[in-house]
Amino acid sequence: MHYLSVQEVKEMCYNSTYHFKEYILDQKEVFPYNVQVLFDMAKEGRIRNESINGFVRKNTSRLHFLSKEANLLANTSEGFPIKIPKFPHFRTAEHLFQCIKLDQAKGDEIIEKQLLIIDQTSGEGAKLMGDRKDDMRMFWRSSWVMKDWEMRDLPTDQYKEKHWEAVTEMVNALWYALLMKLGNNRKEFGKVLLKNGAVKQSPIVEMSLDQRQPDTFWGTKVEPNGMLRGMNLAGKLLSRLRDLYRLELLQKKGSFNLLNVTPPFSIQIIGGDIQSVDYNE
């Protein structure tokens, strides 16, 4: 299933810098999503980069289309439902990811919390519900609790092995959600992946939606000069999925290892264990 080892996760966990100007070139070399964040910052005069500001001015009528197209990469994007035999329909990959975050060992209330997430009508709603700290955090898996508390301000060069194991569990949970998104929507989402930098294996970059408190673990912060900085783990996983999918396409085996999906660890949704699913069938 190409799940990541602790060592592989360590190799991914470094802060990266991306030049947004490479997005506005005729031949793009970086493929960001949530780009409406930067477009809005440019309109508000918060970006000190004339090439970016000029691009926004010249393309005012196209910005919504550009944002919508790029955002198909996002975990919260609509139009890529996930169906798992014997389980509820997940509107987006974010719905599934947020359900995975909850620890089934913490009691029957987990079922009620997962149903609250599943019932959200948008990916953004599912994320907001799952991230709620007042009534959800006590039900998170220990890895998420550790990341939110003990590791919040801890530099990666001070991580202990337990910290790396926690990050690895989180990364593989998102990897599983992305595999399920592709498995359920191979043609549609596969096309999106290939359109975003497949030929040159260019970086895919998540811009954090909240630039006041940017999530530089999964995504990046937009600097006033238009640079994007952060670990960008969500973007790196999307790039990895794209490259592995393209490789399997080129091999022309007729079936895809990526589409035979086994959970990375025990996952229960509303009281039932998720089993392996082969989406080649």
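1. Basis. Residue numbers start from 1 along each chain as its sequence is written, side-chain values rest on heavy atoms, and hydrogens and water are left out. As the model is predicted, local features need pLDDT of at least 70 and side-chain atom pairs count only at pLDDT 80 or more, while totals for chains, interfaces and linings use all residues.

2. Sheet. Three strands make an open sheet in the order β1-β5-β4, with antiparallel pairing. Strands here are DSSP runs of E with at least two residues, helices are runs of H or I with at least four, and both are numbered from the N terminus. Two strands pair if DSSP finds at least two bridges between them.

3. Strand pairs. β1 is joined to β5 by four bridges, and the two run antiparallel; in this pair Thr17 stands opposite Arg229 of β5. Between β4 and β5 (residues 227-230) there are two bridges, again antiparallel, and Val222 faces Leu228 in β5. β4 and β5 form a hairpin with four residues between them, and Gly226 in the turn has a positive phi of about 90°.

4. Largest pocket. This pocket holds about 1,400 Å³ of space. A pocket is an open set of points, on a 1 Å grid over the protein atoms alone, where a 1.4 Å probe fits and protein lies on both sides within 12 Å along at least five of seven lines; lining residues have an atom within 4 Å of a point. Grid points are joined across faces, edges and corners, and the volume is the space filled by probe spheres set on the points. The lining counts 44 residues, with Lys127, Asp131, Asp215, Phe217 and Trp218 nearest the centre.

5. Its lining. Helices α5, α7 (123-131), α8 (142-148), α9 (161-184) and α11 (233-251) each contribute at least two residues, and α7 gives the most, with four. The lining divides into 22 nonpolar, nine polar and 13 charged residues. Ala, Val, Leu, Ile, Met, Phe, Trp, Tyr, Cys and Pro count as nonpolar, Asp, Glu, Lys and Arg as charged, and the others, Gly among them, as polar.

6. Second largest pocket. About 360 Å³ of space lies here. Its lining has 18 residues, and Tyr23, Lys28, Leu66, Glu69 and Asn196 are the closest to its centre. β2 (31-33), α4 (63-70) and α10 (186-195) each supply at least two lining residues, the largest share being the four from α10. By class there are 10 nonpolar, one polar and seven charged residues.

7. His95. This residue belongs to helix α5 (residues 93-100). His95 is buried, at a relative accessible area of 0%; buried means under 20%, exposed over 50% and partly exposed in between, with a 1.4 Å probe and protein chains only. Leaving out residues up to four places away in sequence, His95 touches Phe90, Ile117, Ile118, Gln120, Ser122, Gly123 and Ala126, contact being heavy atoms within 4.5 Å.

8. Cysteines. The structure has zero disulfides, a disulfide being a pair of cysteine sulfur atoms within 2.5 Å. Cys13 is buried at 7% relative accessibility, and Cys99 is buried at 0%.
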